[in-house]
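Morning, everyone. Let's get the structure up on the screen and go through its side-chain packing.

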Amino acid sequence: LFPDKPTNLITNIKTRSAEISWLDPNNTGDGDLTGFWIELKKENSLIQNITEDNGNKYELHNLTPYTTYKISVAVRNNRGFGEETITSFITSEEAPEGPPLNVKVTAESSSSLSVTWEPPKKEKRNGIIVNYSVCISHEENKLCFKEQTTKQKMLVIRSLNASTKYYVRVLASTKVGPGNYGESEGKFTNENVMCVLPTGYGKSLIFHLMPMLLFAKRELNSDSFGGISSEDVNTIVILDQMIQTKIIIQIDFSLCEEDKLRNGYYHIVFAHPESLISSKYGRDLLLSKTYKENVVAIVVDEAHCILDWSTDFRKDYSKLGVLCALFPDIPVIAMTATGSLSDMICIQVSLGLKKCKVVVANPDRANIFYEKAFRGKDSVAVESILIPIAKGLLKAKIEYPLTVIYISLKLCGFAYKLFESILGSAQYFPIGSARIPANRMFAQFHSPQTSEMKDEILKQLCSSRSAIRVVFATVAMGMGVDIPDIRN
């Protein structure tokens with residue numbers, strides 16, 4: 001006969017070991033007991049299978065904290081093993097071995113950061129996670145100057161300084177104690193910025209590097225955003241159209257897909273103020289959940305237009321503060337190449353920027369020169385400037401360096417006729433070519449022209465085969481225009 005099963009199976013449990021003991025059965029079958037057998041399983045997987053000579057206890061090692069094990073014990077005589085006794089036990093808890101996972105730090109505002117995370121790996125928890133501690137330091141992996149505890153898997157850290165980089169670490173704790181902090185995640189708090197940077201300084205690169213933003217600009221053409229091209233960044237331009245004198249905004253979807261625009265597919269959104277403020281479509285877009293949750297920055301380029309145009313020409317420029325108010329915790333960057341101290345203050349007030357960092361760069365450029373001359377009557381002063389240029393163009397023709405002359409609208413026509421009188425039939429190139437605008441070596445660019453006329457001039461100026469060498473322009477030619485070959 002085989003022996004009966006052992007009795008009084010007792011486990012002395014620790015975190016990573018357990019001592020098993022039992023009493024031999026009263027009925028040992030045919031003969032004395034000669035040994036025992038132990039089988040240990042974790043999650044139905046066999047961990048240990050042990051056969052030993054006589055004894056009434058055994059110590060199990062290399063166990064995992066806070067883990068359920070199933071153990072079977074049987075004894076044997078000369079005929080073999082008898083019936084087994086089965087029980088289960090859970091090892092004791094221990095402090096976590098691994099840090100929380102997927103720690104993400106997001107700038108909530110100029111004075112707060114939001115931190116989210118996931119629990120440590122299951123096999124590294126070593127128990128029930130009872131809370132998390134978040135460490136905030138000024139340097140990576142250095143002492144915490146602030147430490148906060150929470151039972152949640154997220155925390156908003158407040159009362160921080162604007163535009164300051166903080167390092168955040170998170171650890172998990174069981175009832176036994178805390179584990180170790182993970183790696184630091186560095187993040188800057190947000191801050192509104194007023195930039196006065198010279199033309200050509202590279203202002204556009206600032207917002208090109210951002211993942212998603214709203215951008216208010218007067219003139220948008222292919223040169224304004226042609227440099228943004230990446231498999232990881234989807235760009236979109238929204239163009240608006242003013243119909244006569246009525247404030248009716250038509251959104252042009254020719255450069256995007258409307259469904260993708262609504263669903264937040266595009267990382268960078270270019271827009272006129274009217275298409276976001278006066279347009280119901282634009283307002284609804286900004287108020288949608290997708291945009292409320294995902295917009296990370298607002299950039300107002302050519303911000304001086306808020307002062308120059310907001311009273312009568314483009315009134316929505318005066319309402320850009322509404323746009324900023326829709327996203328009160330999102331940083332705003334206002335950029336311009338021209339702005340006095342009083343202009344900067346007025347722009348900040350108009351946008352509702354209470355706290356704002358001002359960045360001003362020296363406008364001195366080694367390849368740009370200014371010359372001041374006192375003048376008398378407009379026509380005499382203009383002639384003294386234009387006649388040498390016209391004679392230079394007559395002599396050099398197509399070799400004359402591409403030149404833009406900024407002039408008031410009322411003098412554009414005067415300058416144009418003056419060049420006609422000086423150059424005569426030589427105003428067309430090549431010599432003997434048809435006397436059509438496309439062959440004329442000078443042109444005008446101003447707001448009364450149709451969009452088609454202005455687009456054609458810009459197209460020619462960007463072409464290496466253009467006949468145009470001199471342009472008389474008002475401020476209508478400036479923002480959003482990138483003509484690489486201009487020399488004067």
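Start with a charge over a ring. K292 lies over the face of F327, at 5.0 Å from the ring centre. Keep in mind that this is a predicted model.

There is another case with an arginine. The charged end of R169 sits over the ring of Y181. Its distance from the ring centre is 5.1 Å.

Now ring against ring. How many aromatic pairs does the structure hold? The count is 11. Take F145 and Y166. Their ring centres are 5.9 Å apart. Their planes meet at 40 degrees, so we call the pair tilted: stacked would need under 30, edge-to-face over 60. This pair links distant parts of the chain, 21 residues apart. F145 is in the loop between strand 11 (131-137) and strand 12 (146-150). Y166 belongs to strand 14, residues 165-173.

Buried or exposed, what is Y166? Buried, because its relative accessible area is 1%, and the cut-off is under 20%. F145 is partly exposed, with 39%.

Y416, F419, F442 and F472 form one aromatic cluster.

Next, the cores. The largest nonpolar core has 33 residues. Which of them touch the most other members? L320 and L351 do. Leave out residues up to four places away in sequence, and L351 touches V300, I306, L320, G321, C324, V332 and A334. So much for that core. A second, separate core has 19 residues, among them V382, I405, I407 and L418.

That's my tour. Questions, please.

Conventions:
Residues are numbered from 1 along each chain as its sequence is written. This is a predicted model: local features need pLDDT of at least 70, side-chain atom pairs count only at pLDDT 80 or more; totals for chains, interfaces and linings use all residues. Side-chain values use heavy atoms; hydrogens and water are left out. A nonpolar core is a set of buried Ala, Val, Leu, Ile, Met, Phe, Trp, Tyr and Cys residues joined through side-chain atoms within 4.5 Å. Buried means under 20% relative accessible area, exposed over 50%, partly exposed in between (1.4 Å probe, protein chains only). Contact means heavy atoms within 4.5 Å. Rings of Phe, Tyr and Trp (its six-membered ring) pair if their centres lie within 6.5 Å; planes under 30 degrees apart count as stacked, over 60 as edge-to-face and the rest as tilted. Helices (H or I, at least four residues) and strands (E, at least two) are DSSP runs, numbered from the N terminus. A charge sits over a ring if NZ of Lys or CZ of Arg is within 6 Å of the ring centre and within 35 degrees of the ring normal.
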